[in-house]
Amino acid sequence: MWNEPSAGIALAALDSSSPGAVRLPAPAVVASVEPGSIAEELGFQPGDRLLSINGKRPRDLIDVQLLVGEEELTLEVEDPDGSLHTVELEKDLDEGLGLGFTEALFDGLKQCNNACPFCFIDQQPPGRRSSLYLKDDDYRLSFLYGSYLTLTNLTAADWQRIEEQRLSPLFVSVHATEPELRSRLLVNPRAALLLDQLGWFAQRDLQIHAQVVVCPGINDGPALLRTLQDLAQFGAGDWPAVLSVAVVPVGLTRFRPDGDALVPVDRQSARQVIALVEPLQQGFQRDLGSRFVWLSDEWYLMAGLPLPPRADYEDLPQQENGVGSIRAFIEALELATRKLPKALARPRRLSWVVGQLVAEALEPVVVRLNAVEGLDLILHGLPSPYWGQEQVVTGLLTGSDLLTGLAGLDLGEALLLPAVMLRQGEPVFLDDLSLAEVEAQLPVPVQLLKGADDLVASCLSKFPLTP
């Protein structure tokens, strides 16, 4: 029999005077109200604080989505001036309220309890915003946004909630399945429990997407082979516990700790990983009906080999992890450029900046667009002095990398800047420089690009002066 999943913390069950009282999550602060929504009709405004839904305080957006799914709701709301209101309403089952919130989590971030030597957070310089050093290992953000977690910090209550609320799929950083090796990589004895945890998912028809960060000489070669074969044991059947695996190269910066025993991926090691994974893909295609494991685009770029054809990536299950993202972009560009004009009404000269590692793969894009008479698109592939990397993907370029790399170059009348370089939801680069600060030091205005359509539109139509 289906049991309705529990959501939120019942306010009536709380007793602040009790020694074992549950800590109450912070109220959910309204950031936006959807036009025409129930929330707008009720008079919600940004800054309002949602205290409870049907007597329960939500812990996060997941709880909100479950709690507002009822037909009859009683909402406790606090205005910015501190005034309290009780709102009762009836609505269609599962109809949303139309509220956006300032945070996804109302009871705090579950941070990482590992000490991976290749952790990107630990490879940043000190003195930046505190948010840059938060080590997200929260299963709720994994469910909501696809961020990766290790499963090492979950409590019994967390596992119970994952099961009750069917929080699936999650995205799990595996790195290795051999218990001793995974414990050594994560510097955490709880990391050895991974295969048992995958069995737990399988028994409950819950699913994950996996990733393996390859560190040459540590978890490549036979260790990588074993990891992928172990994961494939959970990839069969009508409801596989492991849906896909992404294999990505370790990223090392000049800020990493001394004596970490890590070495960067070079052309030879990239080709060795490709040679190991591609035959496995063929076997998985035969046995599982899917290639199951995919290499991120960086492997082929670092190896100096052509990217696989678009069809090899199937439905792009790991695109947000850099697997097939370049192929998907080129495919989107083909759709966006089916009907290009023969010429522009007036000549335009623009620049487009990307990471040096991907520049060569995107040259055909530039050639296609520059076939339009009067359009001159200049591609600048930049390294990252900030991170100490010559070959870098676009998303890791920082504001200081732009200012250094573009100094003295021909930027035309405007600079086209991929939005992936900015922190999600914020006009800030990874080095803490804001978009406004960078644009103020550039000789031309900046236009943000979210995809292929934006690139084509910026090249062919009048350039807007504000991003």
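Tutor: Axes here are lines fitted to C-alpha atoms, for helices over the stretch in contact. This is a predicted model. Ask away.

Student: How do the axes of α4 and α6 cross?

Tutor: Helix α4 covers residues 156–164, and helix α6 covers residues 194–203. Their axes come within 11 Å and cross at roughly 30°.

Student: Roughly parallel or roughly antiparallel?

Tutor: Angles under 35 degrees count as roughly parallel. α4 and α6 are therefore roughly parallel to each other.

Student: And is the crossing left-handed or right-handed?

Tutor: The α4 and α6 crossing is right-handed.

Student: Which residues meet there?

Tutor: From α4, Trp159, Ile162 and Glu163. They meet Gln197, Trp200 and Phe201 of α6. The contact has 4 nonpolar residues, 1 polar and 1 charged.

Student: New topic: what follows α4?

Tutor: One loop lies between α4 and β9, and Pro169 is in that loop. A cis peptide bond joins Ser168 to Pro169.

Student: What's omega for that bond?

Tutor: Omega is about 0° between Ser168 and Pro169.

Student: OK, α5. Which residues are buried in that helix?

Tutor: Helix α5 is residues 179–186. Leu181, Arg182, Ser183, Leu185 and Leu186 are buried.

Student: What do they pack against?

Tutor: The buried residues of α5 pack against β9 (170–173), α6 and α7.

Student: What about phi of Asp205?

Tutor: Asp205 also has a positive phi, near 55°. The loop between α6 and β10 holds Asp205. Asp205 is partly exposed, at 41% relative accessible area.

Student: Gly217: buried or exposed?

Tutor: Gly217 is exposed, with a relative accessible area of 68%. Its place is the loop between β10 (208–214) and α7 (221–232).

Student: Where is Gly217 relative to Leu75?

Tutor: Their C-alpha atoms are separated by 56 Å. Along the chain, Gly217 and Leu75 are 142 residues apart.

Student: Last one. Which residues of α14 are buried?

Tutor: In helix α14 (residues 452–460), they are Ala452, Leu455, Val456, Ser458 and Cys459.

Student: Why do they line one face of the helix?

Tutor: Look down the axis of α14. The buried residues fall within an arc of 165°, so they line one face. In general, an α-helix has 3.6 residues a turn, so residues three or four places apart point the same way.

Student: What covers those buried residues of α14?

Tutor: Several elements, including α10 (325–336), β13 (343–355) and α11 (356–369). The cover also includes β14 (373–382), β15 (415–418) and β16 (446–449).

Note on methods:
Residues numbered from 1 in each chain as written. Predicted model: local features only at pLDDT ≥ 70, side-chain atom pairs only at ≥ 80, totals over all residues. Heavy atoms only, no water. Axes fitted to C-alpha atoms, helices over the stretch in contact; angles between N-to-C directions. Helix = DSSP H or I, 4+ residues; strand = E, 2+ residues; numbered from the N terminus. Parallel < 35°, antiparallel > 145°, perpendicular 65-115°, else oblique. Left-handed = near helix turned anticlockwise from the far one by under 90°. Contact = heavy atoms within 4.5 Å. Nonpolar A, V, L, I, M, F, W, Y, C, P; charged D, E, K, R; others polar. Buried < 20%, exposed > 50% of the residue type's maximum accessible area, 1.4 Å probe, protein only. Arc of directions from axis to C-beta.
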